[in-house]
Amino acid sequence: MPVTGVLHTVDAGVAHLTLDRPEALNALTPGQRELLIELLADASADPGVRAVVVTGTGRGFCAGADLRGGAAGGERVAGDVARMIRTGAQRLIAAVLDCEKPVIAAVNGTAAGLGAHLALACDLVLAAESAKFIEVFVRRGLVPDGGGAYLLPRLIGPHRAKELMFFGDALSAADAERIGLVNRVVPDAELDKTARDWAARLAVGPTRALALTKQLVNASLDADRAAAFAAEAAAQEINMTTADAQEGVRSFVERRSPEYRGR
């Protein structure tokens, strides 16, 4: 049975992944989660895709995991919950972090729980003025999952991360920008255009260099200086074998704009 609730298009080198269950504020079902993971892997492997945009329809970006399917009830065996988190929410966040193409979140409304972490795992985060970010787990008596306790301290530091997670208060788009959770806040009517403009710029960039840059930045948060410097040198060695790197150097010498092919 085909999964519904995720719209997928590719246009001018940009894959658009749109959560499409507006009646549920785009709360993620297991099927949608698995489809997103698959589509992100496809984007990594497809040379015709050079950037990805993730957004939602309606008033919500993503209200988190859809718990109405019985995830909160029923008899459990020890280890079931940890297994569910490892194979579910954590795989989704890892799929975003590990995607070899730059991923933009266009947060059109409420991003709560796993939905907030889905947005914050992206490489660039645009937010509509009406967007809200909510670490909703504490309201349900739960520990944050989906990589939240990993992502937030790295983005805004441990004290602010604990404030958001301990209280579960809704954070406005403006406050999210102020503390560094999002790159830019734009009027609601301009969100789609801004996301498309940013994605278009990425889609004509040196795709492999961007992939290696993403990998370096993400890994640097867990590496000491020696390891980070070694990774940087190795990445540049690899990158210099690409056609785009050679085109970049050649265009500089020839004093013209580069034409990158993503290879």
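In the predicted model, Asp197 and Lys193 form a salt bridge in which the closest N and O atoms are 2.7 Å apart. Both residues belong to helix 8 (residues 191-203), where a spacing of 4 residues places them about one turn of the helix apart. The two partners fall into separate accessibility classes: Asp197 is partly exposed, with a relative accessible area of 37%, whereas Lys193 counts as exposed at 54%. Side chains of opposite charge can pair when their charged atoms come close.

Asp80 and Arg83 are separated by about one helical turn because they lie 3 residues apart in helix 2 (residues 80-87). Asp80 is partly exposed at 27% relative accessibility, and Arg83 is likewise partly exposed, at 40%.

A salt bridge also joins the side chains of Asp123 and Lys214, at 3.0 Å from N to O. Asp123 is located in the loop between helix 4 (114-120) and strand 7 (124-128), while Lys214 is part of helix 9, so this pair ties together parts that are 91 residues apart in sequence. Asp123 counts as partly exposed, with 29% relative accessibility; Lys214, by contrast, counts as buried, because its value of 9% is under the 20% cut-off. Beyond these pairs, a network of salt bridges links Glu247, Arg250, Glu254 and Arg256.

Positive charge also gathers on the surface, in a patch comprising Arg59, Lys132, Arg139 and Arg140. Within this group, Lys132 is found in strand 8 (residues 132-134) and is partly exposed, its relative accessible area being 36%.

Helix 9 (residues 207-220) includes Thr207, a buried residue with a relative accessible area of 2%. When residues up to four places away in sequence are not counted, Thr207 touches Arg50, Lys101, Asp244 and Gly262. The C-alpha atoms of Thr207 and Tyr260 are 8.0 Å apart in space, although 53 residues separate the two in sequence. Asn239, in helix 10 (residues 225-239), is buried as well, with 10% relative accessibility. Its contacts, under the same exclusion of residues up to four places away in sequence, are with Arg208, Ala209, Leu212 and Ala245.

For Leu25, phi is near 50 degrees. Leu25 occupies the loop between strand 2 (14-19) and helix 1 (30-45) and counts as partly exposed at 24% relative accessibility. For Arg255, phi is near 55 degrees, again a positive value in a residue other than glycine. Arg255 is placed in the segment after helix 11 (243-253), and it counts as exposed, because its relative accessibility of 80% is over the 50% cut-off.

Methods. Residues numbered from 1 in each chain as written. Predicted model: local features only at pLDDT ≥ 70, side-chain atom pairs only at ≥ 80, totals over all residues. Heavy atoms only, no water. Patch = residues over 30% accessible without salt bridge, like charges linked within 9 Å, V, L, I, M, F, W, Y side chains within 5 Å. Areas by Shrake-Rupley, 256 points an atom, 1.4 Å probe, with all protein chains shown as cover. Salt bridge = Lys/Arg side-chain N within 4 Å of Asp/Glu carboxyl O. Lys, Arg positive; Asp, Glu negative; His and termini not counted. Charge placed at Lys NZ, Arg CZ, Asp CG, Glu CD. Helix = DSSP H or I, 4+ residues; strand = E, 2+ residues; numbered from the N terminus. Buried < 20%, exposed > 50% of the residue type's maximum accessible area, 1.4 Å probe, protein only. Contact = heavy atoms within 4.5 Å.
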